[in-house]
Each structure stands twice: as structure tokens, then as C-alpha cells.
Amino acid sequence: MIQDIQAKVLLSSAKQPDPWFGIKYTMNLYRGCQHQCIYCDSRSECYQIENFADILVKVNASDLLRKELARKRKKGTIGTGSMNDPYMPLEAKLNLTGRALKVIAEFRFPVHVITKSALVLRDVEVLREIGREYAAVSFTVTTADDELGKKLEPGASLVSERFKAMQALASNGILTGITMMPILPFIEDNEENITQIVTRAHECGAAYIIPALGMTLRDRQRAYYYDQLDRLFPGLRHKYEERFGDRYSCSAPNAAKLDLVFRNLCSRYGIATRMPTYAPQAGTQMRLL
Ligand code: SF4
């Protein structure tokens, strides 16, 4: 089901920018996500999304964003892509993200986009414009294998397409890198996968890779994930239950070894393992519109 809604508020503010991505304002243009990754944390009860396959479209998003940015006195990175993908297939038709980026460019706010879609390339020009202030695009990549990616992230672009999109952004001078998370225990936590992701990222101009060598699991998210394991990887659920029980944080059993492999490769290729976040230039003043 796809339904239009009128949102009352668009941006939620954090007191301090988060330490990973430097995000001060979070922007969600949709609720629910068509990518339907089997491990998605947005299914957790705390987010109160009853049916994650239903997509709510905030049709008044760009008007609301304009009003809210006009009132902001503190410039900070606007982050989008943590609760749903701003470039899910529906975006090709609706252009909610494209329109929001134009408003952000007008107000000269910095932006960070997380996506698993090559559709982001449609907005390369406006991202370049925002990039004069600060624009970063992080592609989430958890496996280098297209076939495995199709099972785990069925609605998203093929991993190979994400890498090509990254290469195009990098060649347009846009800061881009990878959120390598989650790395699913017993499925993706092998040296070969980590090596392939980092090597491909290097070839495609990634400036950074932020890793999480494991995953989180809770309530509805866990129930859905285990159902999908039963369907796609029969027998694996028991390994998870045995190893992790009810734990929220589920590190890959060989995380320490993988971390070493990961850091050695990044250092060889000159890829940062933390993200270069937005830093206001000295003397920058808010433009009052
Ligand atoms: S793209 Fe992100 S938000 Fe969408 S289903 Fe996948 S993990 Fe969830």
C-alpha cells in the first residue's frame, strides 16, 4: 500500500551532531521502505511502524522543509536515509528527495545521504551545488556479491550498480564512501567478502568506509529476520539462537580478525575509517532568506 500523508514536522534535531556522521538534523521523506532488506532495524517496535511494507509519502515535505530551514539559526548537516531509503524505487516517480535537495541547496545547508540505490545519480548536479558547503553520499554495502545482495536486500540496486554510482559521484567531485553495515554473522563475515568490498570501494573512489562487523537484533526485526533465514538459509536460525540468544548486539564471531583485515586494507589504499564530517568555515554566517 502506498499512501500520501501530510506531515506536521519534517526535521528532528539533535543537541549535538552524532559522532559517526556529524548529523544535526534528521529528515525522513517517507515512512516504510521498498528495499525490504531482511535485516532492517526500522521494523523494531520502538519505531511504531506496523507494516513496514506500507509506504507513507510525506507529500508536503518540500514546503515544510522550506519553512523549517527558514527558521533555523544553527547550520548543521541534514541526514537522510537511516529509517528508509530516500532513493527507493518510488522516488523515481515522486522526486521527493530531489525536491528536498533543491531546497537544501537554496538554504546552503550541508547534507549526508545514505542509500542503496543508483538513482541518487539523478541528483548529481544539485549534490555538487550543496557540496560547495558539504555533501556526502554513503552507499550501504554489506556484500560484494550481487546474487547474495538480491537475497538480502531484494528491493535495492544491485551492489555492482551501487559501486558504479559511487564511481560516478566521485568523478563529479562529490564526497562518497561506504557504510559497511551490518555484516551478517555466518553469512557475510568472511575475509573474502571484506576484501572484495574494500578493494572495489578503492577502485570506485570511496573516501571512507565505516564498518560494523556484526548486526543488531530486537523484537519484530528479529522475528522477521529469522523467518527470512528459514526461507533463504535453512538451519541458520539455530546457529543465531545458540550464539546470541536475546542479545541486541550480535558481533560477528570473528570480528576482531576481520577488523584487522579491514584496517590493513584501508590503510594500504588510503581509505579513511571515519567519515570526514561537516565543519563550518570560520566566519561563515547564516544567510537569512
Ligand atoms: S534500505 Fe535501509 S531502511 Fe530500507 S529496508 Fe534496507 S535497511 Fe531498511
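Where is the place of P182? P182 lies in the loop between β9 (175-180) and α7.

## The model

This is a predicted model, in which local features need pLDDT of at least 70, side-chain atom pairs count only at pLDDT 80 or more, and totals for chains, interfaces and linings use all residues. Residues are numbered from 1 along each chain as its sequence is written, and side-chain values use heavy atoms, with hydrogens and water left out.

## Two backbone features

M181 and P182 are joined by a cis peptide bond. Its omega is about -5 degrees. Q48 is not a glycine, yet its phi is positive, near 55 degrees. Q48 belongs to the loop between β4 (30-31) and β5 (55-58). Helices (H or I, at least four residues) and strands (E, at least two) are DSSP runs, numbered from the N terminus.

Most residues other than glycine have a negative phi, and most peptide bonds are trans.

## Helix pairs

Helix α1 (residues 61-71) crosses helix α3 (residues 96-107) at roughly 20 degrees, and their axes come within 9 Å. α1 is therefore roughly parallel to α3 (an angle under 35 degrees). Their crossing is right-handed.

Helix α7 (residues 191-203) packs with helix α10 (residues 255-269) at an angle of about 20 degrees. Their axes are 10 Å apart. So α7 and α10 are also roughly parallel to each other. The crossing of α7 and α10 is right-handed (the near helix is turned clockwise from the far one by less than a right angle). Axes are lines fitted to C-alpha atoms, for helices over the stretch in contact, and angles run from 0 to 180 degrees between N-to-C directions.

## Around the ligand

The residues around the ligand (a heavy atom within 4 Å) include C33, H35, F52, D85 and K116. The shell divides into five nonpolar, three polar and two charged residues.

Technical notes
Nonpolar A, V, L, I, M, F, W, Y, C, P; charged D, E, K, R; others polar. Parallel < 35°, antiparallel > 145°, perpendicular 65-115°, else oblique.
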